[in-house]
Amino acid sequence: MTRLLYPALLLLWLAAACAPLADLQPATAYLLASFTESRVTVEIALEVNQNGQAILAATFIPEDGYHLYSMDLPRGGVEGVGRPTRLELVSGSRLAAAGSLAESVSAVPADGPGGLMVYPEGPVTLRLPVLLPGGEGWFDEQVSVTYMACRGSQCSRPVVGKVVPVRVPGEEEIFP
Amino acid sequence: MKKIAVLLIGVFLLACTCSAPTLTLPRPTSTPSILPDRIESPVSTPPLESNLTLVRLSPRDGSLTGQLHAAAPQAAALGQRMFVEFDAEWCPSCKVITLGLEQQKSEALLAAFDGVYLIRLDVDEWGWGVPEAGFEFEGIPVFFRLDENGDPTGDWIDGSAWGPDTYENIARVMGPWLHQP
């Protein structure tokens with residue numbers, strides 16, 4: 001009995017300690033839209049986590065060698081230079097923000113005199129907790145994305161405030 | 001059994017204190033001013049002390065081909081070789097080049113561009129390429145070599161050639177390219 005007790009306790013402790021991680025993993029995800037422009041593929045999804053929180057997620061997947069800029073850059077860049085990576089609701093949307101935008105990876109300073117904050121090469125996901133429209137069924141909505149991709153010292157055309165049509169479920173469709 | 005129950009409760013309480021990190025990261029309280037000077041966008045800049053001429057053309061002044069042909073005799077009179085650069089204010093690498101050349105922050109860059117007549121074109125004014133004039137590209141900054149008449153030779157180089165945006169990196173790559181026979 002004692003021999004089994006400690007391994008069992010260890011397993012219980014690990015399970016309990018890891019439980020909060022489950023909050024970050026979507027229990028359900030709906031792909032709402034996808035497009036490729038200026039060297040970046042953008043996938044917009046609606047995730048519902050274990051706590052029942054709806055989260056609007058945009059995954060920015062740059063081509064090999066390209067990087068994106070921090071979501072914390074000013075909309076117009078730092079003294080005009082660079083453009084942030086952003087996921088935003090548009091004016092008049094029935095979606096409402098229920099938290100602040102979060103990034104899946106941290107930005108680091110770029111090399112060179114500019115030194116803007118950039119994400120390391122590879123995909124970046126921005127997540128925004130949202131309140132869904134009330135009611136059943138699915139609703140036509142729009143979200144806005146902004147980004148700029150550069151490879152080394154070569155930059156592609158920035159995508160600024162691109163409005164992307166999406167169709168989102170009503171609250172009762174997800175949480176009947 | 002009581003001991004086990006107490007132990008289990010203790011373990012759960014301990015586990016509850018070990019929360020996983022959240023996705024929300026602290027935001028900086030202010031935007032760092034890491035770029036000391038604004039990009040100047042003059043229509044034309046006077047020759048610098050070095051043997052370099054910087055000119056910025058505008059589509060308001062006519063076709064690009066016409067303006068390049070008009071500039072060719074001026075470059076020839078100065079004994080300089082003509083190049084076109086497409087840039088933009090939002091482009092970090094272009095900003096570094098601007099600081100190095102227009103504001104003369106880098107002797108290495110000025111030396112690399114010695115003997116050059118550089119015509120700078122803002123993509124936000126000219127668009128993403130001017131195919132009718134022979135300029136097509138996918139990224140900036142990009143430089144095109146022109147012949148003595150002001151027409152593109154087909155030879156070009158872009159920012160992917162020099163890696164991180166340091167003056168030395170840019171000068172090391174651009175110097176030989178600009179001065180190749």
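## Model and confidence

Residues are numbered from 1 along each chain as its sequence is written, while chains are lettered from A and ligands numbered from 1 in the order in which they are written. Because this is a predicted model, local features need pLDDT of at least 70 and side-chain atom pairs count only at pLDDT 80 or more, whereas totals for chains, interfaces and linings use all residues.

The model scores ipTM 0.75 and pTM 0.76. The pLDDT (the predictor's confidence in each residue, from 0 to 100) averages 80 in chain B, where 73% of the residues score at least 70. Over residues 10-48 of chain B the pLDDT is below 50, and this stretch has 55 contacts in the model beyond near neighbours in sequence. Two residues are in contact if their C-beta atoms, placed from the backbone, lie within 7 Å.

## Chain A in outline

Chain A has three helices and 14 strands. Helices (H or I, at least four residues) and strands (E, at least two) are DSSP runs, numbered from the N terminus. Of the 176 residues in chain A, 35% are buried. A buried residue has 20 or more other C-beta atoms within 10 Å of its own, an exposed one has 12 or fewer, and a partly exposed one falls in between; C-beta atoms are placed from the backbone. Among the contacts in chain A with a separation of 6 or more, 64% link residues 24 or more positions apart.

## The nonpolar core

A nonpolar core is a set of buried Ala, Val, Leu, Ile, Met, Phe, Trp, Tyr and Cys residues joined through C-beta atoms within 7 Å. The largest one has 85 residues, and Leu56(A) and Ile119(B) have the most contacts inside it. Strand S3 (residues 54-62) of chain A gives the largest share, six residues.

Leaving aside neighbours within four places in sequence, the contacts of Ile119(B) are Val55(B), Leu57(B), Leu68(B), Ala71(B), Met82(B) and Val84(B).

## Strands and hairpins

Two strands pair if DSSP finds at least two bridges between them. In chain A, strand S2 (residues 40-49) runs antiparallel to S3(A), with nine bridges joining them. Glu47(A) stands opposite Ile55(A) in S3(A). These two strands form a hairpin with four residues between them, and Gly52(A) in the turn has a positive phi of about 85 degrees.

An open sheet of three strands in chain A has the order S4-S12-S13, with antiparallel pairing. Strand S4 (66-68) and strand S13 (154-155) each have a single partner strand, so one side of each is left without a neighbour in the sheet. Two bridges join strand S12 (residues 149-151) to S13(A), and Cys150(A) stands opposite Cys155(A) in S13(A).

In chain B, four bridges join the antiparallel strands S4 (residues 142-146) and S5 (residues 152-158). Val142(B) has Asp158(B) in S5(B) as its bridge partner. Five residues lie between the strands of this hairpin, in which Gly150(B) takes a positive phi near 90 degrees.

## A helix and a loop in chain B

Helix H6 (residues 167-179) of chain B has 13 residues and reaches 17 Å from its first C-alpha to its last.

Ser58(B) sits in the loop between strand S1 (52-56) and helix H2 (64-78) of chain B. Ser58(B) is partly exposed because 14 other C-beta atoms lie within 10 Å.

How values were computed:
The expected span of a helix is 1.5 Å times one less than its number of residues.
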